[in-house]
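Reader: Let's go through this entry label by label. I want the number behind each term.

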Amino acid sequence: MIRTRFAPSPTGFLHIGGARTALFCWAHSRKNNGKFILRIEDTDLERSTQASVDSIIDAMNWLNLDYDEGPFYQTKRMERYQEMIKQLLDSGHAYRCYCTKEELNQMREEQKAQGLKAKYDRRCLNKETHDNNKPYVIRFKNPTGGSVVWHDLVKGKIEISNQELDDLIIARSDGSPTYNFCVVVDDLDMKISHVIRGDDHINNTPRQINIFKAFNQEVPLYAHVPMILRDDGQKMSKRTDAVSVMQYKDMGILPEALLNYLARLCWGHGDNEIFTMQEFLEWFNLEHVSSSPARFDIKKLFWVNSNHIKMKDNHELAALVIEILNQKNIQVKESPKLVDVIQLVKSRSDNLNSLAAECSYFYNKFIPTAEEINQYLTNDALVILNKFTNELINLTSWDLQSIKDLIKNFCANENIKMPQLGMPIRLKICGTKNTPSFDEVIHLLGKTEVIARLTPNA
RNA sequence: GCUCCUAUAGUGUAACAGGUUAACACGUCACACUUUCAAUGUGAAGACUAUCGGUUCGAGUCCGUUUAGGAGUACCA
């Protein structure tokens, strides 16, 4: 049984690197009929907040990354950790350490001064007498010889000598367990088969494997996926970059488009660029995940998004667009139908916000800028517009072909070029220069509304 | 410093067990279409596969070197 887990620590929102990891965890379990588990790693009480938990779950929901078990909280499993710490203590795989922070710092400095690697020197390992009045931490007794080897599903074989590892603290002086220990106990209890996480955890892996072995348990398989960097190759920063998944929602990105783009970063299936989640599940394979970090290219994200907008059902798009229009206090009317408007304009937008903007002038008359008025709504243009309006009023059948014919004949009779009529019309009825074919706009908007908008005092 | 990870056009991936002129997409530029902006279509420029060396009849693909990025080296996660 394949069991994967996504284990964020709730110290902020879900960022896109996390979302990509979650996506791969989710995909790997879904593809193999396994289970996907959400675990909240909140042992850092100082920095963890409920608001972060909520926002992470909101983001997962928005992305449609559904989990089968959880969310589990580490803070609710403290008794279990204590039990397991005692086990290690009893089996001789852990010991008390009474060193103070000052003492440790001094030790490290001395080691560095001698050009050595800073490493706990085990001065408390064989302490016979225990003074219960003195505070102590509990350290894991790491093997000293040999090395830890695992075959990473993404990176290949990784080998780290035990010489490089020191006896990490598994319980703080207040008794609380630390990250590397909790992870092992959780992965054990939750029967995780595949640990898929960011490659910033590679260095933690050998320590965790050693703890698994101390418990005499089978270690899971590991897959360390590379980081996502900024377009200039620097690390993403919360301060300057859009790293929160929900910021992309606000930018009008579709969740399936974000996932598609994120999947394409660090993974590929031949030349396929645009795919549905179903196709992704068919094709996804951890072994095809690339091992080098990728840079985030927002232009391509928008391109991917525009493709998904074109693919998406008009009714579903309408529901999303209505929300945005409502926020702008624009009421969608019965006519023209929003789905028809969307059909006309959807190829013009690479995000939901601009799609909504393209729809908005069908329901609300906007006022052009002074500059536009000066350029296009000249006296001559207004005279032409007047004549054209009269012809529209007299037009008996309001079908697209009739409107097209009318425009064509009108321009011929007036001896003007299309833009001379088109641009003023766009500004007059839409309030903007950038619209689809104005014959289609006129047709869709309907006679009453078009005449009203073209009439001077309307 | 030490350990580990990484390195194919500006960007992202391809080239699935080493085999002809390294492909596709985004981006850029040009042209076409159009009534404007887009969308769409066609085409162009752009990499000697980070370095040096080795194995091989043959290497982007295997091995080593150097360099450059990144991660860790916490009573953070």
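Predicted model: local features only at pLDDT ≥ 70, side-chain atom pairs only at ≥ 80, totals over all residues.

Reader: Why is Thr178 called buried?

Author: Its relative accessible area is 13%. The cut-off for buried is under 20%. Therefore Thr178 counts as buried.

Reader: Where is Thr178, and what does it touch?

Author: Thr178 sits in the loop between strand E8 (169-171) and helix H5 (179-189). Leaving out residues up to four places away in sequence, it touches Ile169, Ile170 and Arg172.

Reader: What makes the pair of Ile169 and Thr178 a polar contact?

Author: The distance is 2.7 Å, from the backbone oxygen of Ile169 to a polar atom of the Thr178 side chain. The limit is 3.5 Å, so the pair falls within it.

Reader: What does Ser176 do in that loop?

Author: Ser176 also has its place between E8 and H5. Its side chain makes a polar contact with the side chain of Asp174, at 2.7 Å. Neighbours within four places aside, Ser176 is in contact with Ile170 and Ala171.

Reader: Why is Lys141 called partly exposed?

Author: Its relative accessibility is 36%. Buried needs under 20% and exposed needs over 50%. The value for Lys141 lies in between, so partly exposed is the label.

Reader: Which residues surround Lys141?

Author: Lys141 is in the loop between strand E5 (137-140) and E6. Beyond its sequence neighbours up to four places away, it touches Gly92, His93, Ala94, Tyr95, Arg122, Leu125 and Asp167. Leu89 is 52 residues from Lys141 in sequence, with 9.5 Å from C-alpha to C-alpha.

Reader: How do you know that E6 and E7 pair?

Author: Strand E6 (residues 147-152) and strand E7 (residues 156-161) are joined by six bridges. Pairing takes at least two, so they pair. They run antiparallel. The two strands form a hairpin with three residues between them. Asp152 stands opposite Gly156 in E7.

Reader: What makes helix H6 mostly covered?

Author: Eight of the 10 residues in H6 (residues 205-214) are buried. Among them are Pro206, Ile209, Ile211 and Phe212.

Reader: Why is Asn216 called exposed?

Author: Its relative accessibility is 71%. Exposed means over 50%, so Asn216 qualifies.

Reader: How do you know that Asn64 is exposed?

Author: By the area again: 57% for Asn64. The threshold is over 50%, so the label is exposed. Asn64 is in the loop between helix H2 (50-63) and E3. Its phi is near 65°, a positive value.

Reader: Which peptide bonds are cis?

Author: One joins Gly70 and Pro71, with omega about 5°. Pro71 is in strand E3 (residues 69-73). Another runs from Ser335 to Pro336, with omega near -5°. Pro336 lies in the loop between H11 and H12.

Reader: What makes H12 a covered helix?

Author: In H12 (residues 338-345), six of eight residues are buried. They pack against helix H11 (314-327), helix H13 (352-360) and H18.

Reader: Which residues have the most contacts inside the largest nonpolar core?

Author: Phe280, Phe296, Phe362 and Leu421, in a core of 101 residues. Helix H1 (residues 16-31) gives the largest share, eight residues. A second, separate core of 31 residues includes Tyr81, Met84, Phe140 and Ala171.

Reader: Which residues come nearest to RNA strand B?

Author: Asp44, Arg172, Arg348, Arg426 and Lys433, of the 59 residues around it. By class, this surface has 18 nonpolar, 16 polar and 25 charged residues. Of the RNA atoms within 4 Å of the protein, 68% belong to sugar or phosphate.

Conventions:
Residues numbered from 1 in each chain as written. Chains lettered and ligands numbered in written order. Heavy atoms only, no water. Helix = DSSP H or I, 4+ residues; strand = E, 2+ residues; numbered from the N terminus. Buried < 20%, exposed > 50% of the residue type's maximum accessible area, 1.4 Å probe, protein only. Polar contact = N/O pair within 3.5 Å; in protein donor to acceptor, adjacent residues only side chain to side chain. Contact = heavy atoms within 4.5 Å. Near = heavy atom within 4 Å. Nonpolar A, V, L, I, M, F, W, Y, C, P; charged D, E, K, R; others polar. Core = buried A, V, L, I, M, F, W, Y, C linked by side-chain atoms within 4.5 Å.
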